[in-house]
Amino acid sequence: MALKRSKITGVGKYLPDYVMTNEELEKHVDTNDEWIRSRTGIAERRILKDPDKATSFMATNAAEDALKDADIDAEEIDLIIVATVTPDYLFPATAALVQKRIGAKKAFGFDLSAACSGFLFALSTAGSMIESGRIKKALVIGADKMSSIMDFTDRTTCILFGDGAGAVVLEETDEDEGIVDFVQYTDGDENCTLYQPAGGSLNPATEETVKNKMHYIRQDGRTVFKKATEGMADVSLEIMKKNNLSPDDVAWLVPHQANLRIINATARRMGLSEDKVMININKYGNTTAATIPLCLYDWKDKLNKGDKIILSAFGGGLTWGAIYLKWSK
Ligand code: COA
């Protein structure tokens, strides 16, 4: 049987213009630039200020950018997956709004909720559909307007996140390239170490939920930090072993950008030197589902055909995973 894989043929992004620095956050909460940089690696993040614009706006722009990069028309796309925890609405799906706006007439689409692992889970889902032969071309988008669920009076969370979107076009290939393997996990977080308490069917919006700030992110930072460090490092090592990859074989680690210390621990465990690790958390903070495609975008001129790349993420859910791919552009 002929080999069938899926490969990335285009990468796009959208970042809001507004730059919120650590100094600006010092005006809202009791924090300082030195603390934020040393504990997280973040210097600034982008914020989508326009109240009339939301995740679908950023996702649409990133999608159009990726289509241009892949040099294909929106009408050729079969599937759109938007990974997000900040959809414009609970329904319709953000993917449906993107489908309409880009004119992807024959595409079906849906949103995928796996928090910071969302882009990975979406990429492996779209890739598997392509490998099955059911579809040929997909748009995979990671987009989050985290500022819509950030409490700018809570210093333990508001310093961490930012807004942004990244997108890739995924197409079928019969060569030894593209997505080779993935390993993914979920461990239901009944203790709610990282979550948004209200807005779903358990706690629909009421005066009470608003008053109690239940529509904002809440997290037990220390617990999440520990689990993320273990989870991302373990799964990255697991996919290397599974595919007989030595540290020399790996050209790049594309880690979810939650905390520089988590990224460094993952790279150390994989035996990778710093120059093989994509890091842009300093500029954008944690953009949740957008971090990995934003890294691919920022590094795309440095990637060579055949480069062996590990994508790795950890997020709410709890969810975590890694993808091994061979760069194909
Ligand atoms: N500025 C200044 N001080 C702060 C602060 C801030 N923004 N936020 C917390 N502190 C204080 C705490 O109150 C605490 O003070 P105390 O010792 O007097 O109690 C002290 O700093 C240390 O807090 P701690 O929570 O132990 O810090 P930390 O080193 O664990 O860093 C995070 C906090 C949030 C940066 C870190 O836990 C983290 O990154 N967690 C994972 C978050 C994440 O990745 N979430 C997304 C999932 S992918």
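Close-up 1. Beyond its neighbours within four places in sequence, L67 touches I72, A74, I77, I102, L139 and V169, where contact means heavy atoms within 4.5 Å. This is a predicted model, in which local features need pLDDT of at least 70, side-chain atom pairs count only at pLDDT 80 or more, and totals for chains, interfaces and linings use all residues. Residues are numbered from 1 along each chain as its sequence is written, and side-chain values use heavy atoms, with hydrogens and water left out. L67 lies in helix α3; helices (H or I, at least four residues) and strands (E, at least two) are DSSP runs, numbered from the N terminus. With a relative accessible area of 6%, L67 is buried (buried means under 20%, exposed over 50%, partly exposed in between, with a 1.4 Å probe and protein chains only).

**Close-up 2. Helix α3 meets helix α4.** Here the axes of α3 (residues 55–70) and α4 (residues 94–102) come within 9 Å and cross at roughly 50°. Axes are lines fitted to C-alpha atoms, for helices over the stretch in contact, and angles run from 0 to 180 degrees between N-to-C directions. That angle makes α3 oblique to α4 (under 35 degrees is roughly parallel, over 145 roughly antiparallel, 65 to 115 roughly perpendicular, and the rest oblique). On the α3 side, the contact is made by T55, S56, F57, A59, T60, A63, E64 and L67, and on the α4 side by T94, L97, V98, R101 and I102.

**Close-up 3. An aromatic cluster of Y185, F314 and W320.** These residues form one aromatic cluster, and the structure holds 3 aromatic pairs. Rings of Phe, Tyr and Trp (its six-membered ring) pair if their centres lie within 6.5 Å; planes under 30 degrees apart count as stacked, over 60 as edge-to-face and the rest as tilted. Y185 and W320 are stacked, because their ring centres are 5.4 Å apart and their planes at 25°. Y185 sits in strand β8 (residues 178–186) and W320 in strand β13 (residues 319–326), so the pair ties together parts 135 residues apart in sequence. Y185 is partly exposed at 32% relative accessibility, while W320 is buried at 17%.

**Close-up 4. T186 in strand β8.** T186 also has its place in β8 and is exposed, with a relative accessible area of 56%. Leaving aside neighbours within four places in sequence, T186 is in contact with F121, L318, T319 and W320.
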